[in-house]
Number of protein chains: 2
Amino acid sequence: MPKLLILSSDADEYRKLIEQANLPGLDEITSHPTNDCDIVLGETKLIQDALPHLPNLKWIQTTSAGVEHLLDPALRRDYTLTNARGVFGELMSEYVFGYLLLHEKKMFERYRAQQSIKWDRFESGVLHGKTIGLLGVGSIGAHLAGTAKHFGMTVHGFTRESETSTQVDRYYHPASTAVATLPPLSANDGLIAFATGLDYLVCVLPRTEGTNKIVDTNLLDALPSRSVFINVGRGNAVDESALVNALTKGKIAAAVLDVTEQEPLPEDHPFWTTPNLLLTFHTSAISYPESITELFIENYRLHIEGKPLKYQVDFERGY
Amino acid sequence: MPKLLILSSDADEYRKLIEQANLPGLDEITSHPTNDCDIVLGETKLIQDALPHLPNLKWIQTTSAGVEHLLDPALRRDYTLTNARGVFGELMSEYVFGYLLLHEKKMFERYRAQQSIKWDRFESGVLHGKTIGLLGVGSIGAHLAGTAKHFGMTVHGFTRESETSTQVDRYYHPASTAVATLPPLSANDGLIAFATGLDYLVCVLPRTEGTNKIVDTNLLDALPSRSVFINVGRGNAVDESALVNALTKGKIAAAVLDVTEQEPLPEDHPFWTTPNLLLTFHTSAISYPESITELFIENYRLHIEGKPLKYQVDFERGY
């Protein structure tokens with residue numbers, strides 16, 4: 001009989017939701033790794049520590065999209081890994097377009113005018129007609145593309161190979177698209193062509209070897225000075241000193257970072273006080289147990305029927 | 001031959017755009033009211049002053065949606081009045097959902113955490129699943145409804161009679177819908193039923209007799225304490241001391257006012273410092289000459305062909 005291990009700060013809520021679902025065959029749910037646990041649901045950091053203590057492990061469902069803690073080549077890969085996808089797109093859209101609108105509508109500046117008792121009608125910017133570039137077009141990128149089209153924007157997408165979203169107006173790819181070789185995404189000119197002329201650049205890339213410092217001086221130099229950079233992917237994608245430099249010199253207009261290389265960000269990191277840089281402390285898409293549980297239940301039914309699971313992670317590719 | 005009078009602070013831009021269109025029969029464009037001007041394009045305040053000096057007036061196209069300056073019963077009504085509609089919906093959506101996202105994503109609070117060098121992951125709210133109430137569902141309200149549906153929200157609409165937008169999940173009406181009598185919108189219980197349970201209340205009503213102080217203590221009391229009120233219609237719709245009271249006592253969570261009864265707002269008005277009240281100084285939908293000119297050109301062609309114009313204002317109804 002399957003035995004489920006839940007490793008999450010929301011374990012009680014997950015247990016309650018899963019018990020309510022009365023899943024066939026699932027009689028045992030625990031929060032402590034034991035020899036007979038074969039299914040794990042939870043946060044990747046907690047699961048990483050438990051990996052050596054699960055001899056009967058068959059399947060791990062993570063509550064996050066990012067799974068880098070489980071991808072270290074030193075760790076076992078003798079199980080099926082599925083991550084949370086399709087549940088963060090809406091949250092990410094709210095976050096990304098919220099911050100783009102904060103910028104265009106000059107909300108901080110208007111608040112300062114109010115604090116100064118000043119009826120100051122400086123003009124707002126608009127999203128309509130602007131061009132957004134999506135660095136990475138998976139399920140989150142596809143959702144962002146849909147919201148961008150709703151707001152009348154042009155959407156450019158940069159991906160290694162896939163062109164799954166039909167709402168992207170134009171795709172850009174690395175010069176070499178041979179998947180077997182997995183070249184760093186930045187090792188090509190396609191990226192510079194992609195960045196040229198963007199009003200907004202949004203990074204939704206996962207942490208992999210190939211995404212390290214893809215947002216570097218070259219890419220930032222290619223962006224117009226009016227442009228806004230948002231990172232909701234992973235901190236490794238950004239050359240942090242290059243970004244501080246670009247913002248300090250006004251090479252780009254603003255940046256919003258939900259993720260950074262080190263989290264929490266060290267107190268002496270320049271990001272805290274870099275001009276026109278906003279930090280949001282990795283809150284853009286906090287996992288909601290209800291939606292993750294729906295996904296788990298769907299995959300559990302597939303698992304006990306011996307069918308392929310949804311959102312399987314390719315350990316080599318890294319997502 | 002038609003002679004066009006342009007009365008706008010953007011007159012030069014309008015003249016250039018209209019000249020480029022080479023409209024049939026339109027040989028004369030002026031910025032000074034003369035006896036032979038029969039068409040006027042411009043801002044209602046400026047047009048109001050020119051009204052007595054235009055004996056041959058046939059048609060006025062305003063650059064705004066609101067036309068209250070031309071509705072005073074003491075003013076002439078012997079011409080066709082068309083206002084700007086269908087061009088502000090996108091701008092209003094950007095403004096309204098931008099401010100709702102500012103509230104849900106706690107952007108001010110996160111910025112204060114950053115200024116205190118504090119990695120503080122307090123939780124964000126979401127639009128998804130929330131209920132928005134539209135006080136007025138004309139072309140702007142219909143556009144807001146579409147954006148709300150994109151974000152997975154439930155949409156309630158309060159209108160005198162029309163149910164034109166199919167994206168409104170539920171309509172509410174005044175108890176008496178007899179158009180001839182034009183009862184004040186608030187003189188009924190439908191409004192209270194509409195307000196009950198809303199997460200967000202957005203007013204897009206024009207200034208008419210019937211909309212005066214529709215957002216009063218009764219309506220504010222019916223809103224949940226978590227709710228946010230946004231006014232992008234006209235300032236007359238709000239009982240201002242009732243709103244100050246509701247915010248000060250925490251009866252509602254926040255308010256965003258683009259419009260106020262007096263504009264500019266007097267320096268000693270309590271709105272400047274009312275807690276959780278944001279002012280944006282009537283900037284939510286500044287007219288863009290390009291879109292207004294498109295509308296003017298379309299109506300000009302209808303006008304010279306003797307056909308009914310688009311977006312005619314009913315002087316009695318007030319919109």
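Analyst: In chain A, residues 24 or more positions apart account for 60% of the contacts with a separation of 6 or more, where two residues are in contact if their C-beta atoms, placed from the backbone, lie within 7 Å. Please keep in mind that this is a predicted model, in which local features need pLDDT of at least 70 and side-chain atom pairs count only at pLDDT 80 or more, while totals for chains, interfaces and linings use all residues. Residues are numbered from 1 along each chain as its sequence is written, and chains are lettered from A and ligands numbered from 1 in the order in which they are written.

User: OK, and how many helices and strands does chain A have?

Analyst: Chain A has nine helices and twelve strands; these are DSSP runs, with helices being H or I of at least four residues and strands E of at least two, numbered from the N terminus.

User: Switching topic: how are the two copies related?

Analyst: A rotation of 180 degrees with 0.0 Å of shift along its axis superposes chain B on chain A, with an RMSD of 0.1 Å, and the two copies are thus related as by a two-fold rotation axis. The superposition is by least squares on the C-alpha atoms of residues with pLDDT of at least 70 in both copies. Of the residues of chain B, B:G98 comes closest to that axis, at 2.7 Å for its C-alpha.

User: And which parts of chain B touch chain A?

Analyst: In total, 37 residues of chain B are in contact with 37 residues of chain A. On the chain B side, helix 3 (89-104), helix 4 (107-115), helix 5 (139-150) and strand 12 (277-279) each supply at least two residues, and the largest share, eight residues, comes from helix 3 of chain B. Because 100% of the interface residues of chain B are also interface residues in chain A, the copies meet through the same surface.

User: Take B:E90, then: is B:E90 buried or exposed?

Analyst: B:E90, which has its place in helix 3 of chain B, counts as buried because it has 22 C-beta neighbours inside 10 Å. Leaving aside its neighbours within four places in sequence, B:E90 is in contact with A:H128, A:G152 and B:H143. B:H143 is 53 residues away from B:E90 along the chain, yet their C-alpha atoms are separated by 6.8 Å.

User: Last one: which residues of helix 8 of chain B are buried?

Analyst: In helix 8 (residues 240-248) of chain B, the buried residues are B:E240, B:L243, B:A246 and B:L247. Seen down the helix axis they fall within an arc of 120 degrees, so they line one face of the helix, the arc being that of the directions from the helix axis to the C-beta atoms. These buried residues pack against helix 7 (217-222), strand 11 (254-257) and strand 12 of chain B.

How values were computed
Buried ≥ 20, exposed ≤ 12 C-beta atoms within 10 Å, placed from the backbone.
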